[in-house]
Amino acid sequence: QVQLVESGGGLVQPGDSLRLSCVASGSSFATYAVGWFRQAPGKEREFVASIRSRRGGYSPSYGDSVRGRFTISRDNAKNTVWLQMNSLKPEDTAVYSCAADSHLIASSVSRAEQYDYWGQGTQVTVSS
């Protein structure tokens with residue numbers, strides 16, 4: 001079983017950058033794919049980014065709305081996945097949650113229901 005804790009959210013201005021962290025408990029972190037999802041008030045949960053496990057070559061994937069602005073990375077020795085968010089826009093405002101799963105396949109990385117473990121979320125607000 002894995003427990004996930006996100007941090008790094010906050011209030012920033014448009015154009016600013018922010019880095020979110022997702023720290024996992026437990027061992028064998030390299031065997032887990034990790035995804036970031038976000039949900040704004042009144043909107044459906046949206047896929048942001050994912051990074052696959054060792055078996056998947058740690059390949060990243062991005063949602064269309066963040067591709068080119070956000071970067072996902074991981075350090076298995078620290079049991080941590082980061083989401084570097086640049087050129088933030090007001091429409092990026094949401095609660096960001098990380099999720100993990102050890103059986104994810106490439107075609108499922110953007111599907112929230114495929115992830116077994118979730119963190120509590122961290123609020124990101126982009127406003128002038």
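A search of the whole structure identified five salt bridges, a salt bridge being a side-chain nitrogen of Lys or Arg within 4 Å of a carboxyl oxygen of Asp or Glu. The structure is a predicted model, in which local features need pLDDT of at least 70, side-chain atom pairs count only at pLDDT 80 or more, and totals for chains, interfaces and linings use all residues. Residues are numbered from 1 along each chain as its sequence is written, and side-chain values use heavy atoms, with hydrogens and water left out.

Side chains of opposite charge can pair when their charged atoms come close. R38 is buried, its relative accessible area being 5%, whereas E46 is partly exposed at 29% relative accessibility. Here, buried denotes under 20% relative accessible area, exposed over 50%, and partly exposed in between (1.4 Å probe, protein chains only).

R38 also takes part in a salt bridge with D92, where the closest N and O atoms are 2.9 Å apart. D92 is located in the loop between strand 8 (80-85) and strand 9 (94-101), and R38 in strand 4 (residues 33-39), so this pair ties together parts that are 54 residues apart in sequence. Helices (H or I, at least four residues) and strands (E, at least two) are DSSP runs, numbered from the N terminus. The relative accessible area of D92 is 0%, and the residue is buried.

A further salt bridge links the side chains of D92 and R69, again described by an N to O distance, here 2.8 Å. R69 lies in the loop between strand 6 (60-62) and strand 7 (70-75), while D92 lies in the loop between strand 8 and strand 9, so the pair connects parts that are 23 residues apart in sequence. Both D92 and R69 are buried. Through shared partners, the salt bridges join R38, E46, R69 and D92 into one network.

A contrasting case is R74, a residue of strand 7. R74 is buried yet has no salt bridge, and the nearest side chain of opposite charge, that of D75, is 8.2 Å away. For this assignment, Lys and Arg count as positive and Asp and Glu as negative, and His and the chain ends are not counted. The side chain of R74 instead reaches the backbone oxygen of F29 at 2.8 Å, and a polar atom of the R74 side chain lies 2.9 Å from the backbone oxygen of Y32. Beyond its neighbours within four places in sequence, R74 is in contact with several residues, among them A30, I51, Y58 and W82; contact means heavy atoms within 4.5 Å.

Strand pairing was examined next. Two strands pair if DSSP finds at least two bridges between them. Strand 4 and strand 5 (residues 46-51) are antiparallel and pair over five bridges, with V34 having I51 of strand 5 as its bridge partner. Six residues separate the strands of this hairpin, in which G42 adopts a positive phi near 80°. Strand 5 is mostly covered, as five of its six residues are buried. Strand 5 is also joined to strand 6 by three bridges in an antiparallel arrangement, where I51 has P60 as its bridge partner.

Strand 2 (residues 10-12) runs parallel to strand 11 and is joined to strand 11 by three bridges, V12 standing opposite V126. Strand 9 and strand 11 run antiparallel and are likewise joined by three bridges; the bridge partner of V95 in strand 11 is Q123.

A disulfide is a covalent bond between the sulfur atoms of two cysteines. With a disulfide taken as a pair of cysteine sulfur atoms within 2.5 Å, the count comes to one. This disulfide joins C22 to C98, with an S to S distance of 2.1 Å. The torsion about the S-S bond of C22 and C98 is about 70°, so the disulfide is right-handed. C22 in strand 3 (residues 18-24) and C98 in strand 9 are 76 residues apart, and the pair thus links distant parts of the chain. C22 is buried, with a relative accessible area of 1%, and C98 is buried at 0% relative accessibility.

Definitions and conventions
Polar contact = N/O pair within 3.5 Å; in protein donor to acceptor, adjacent residues only side chain to side chain.
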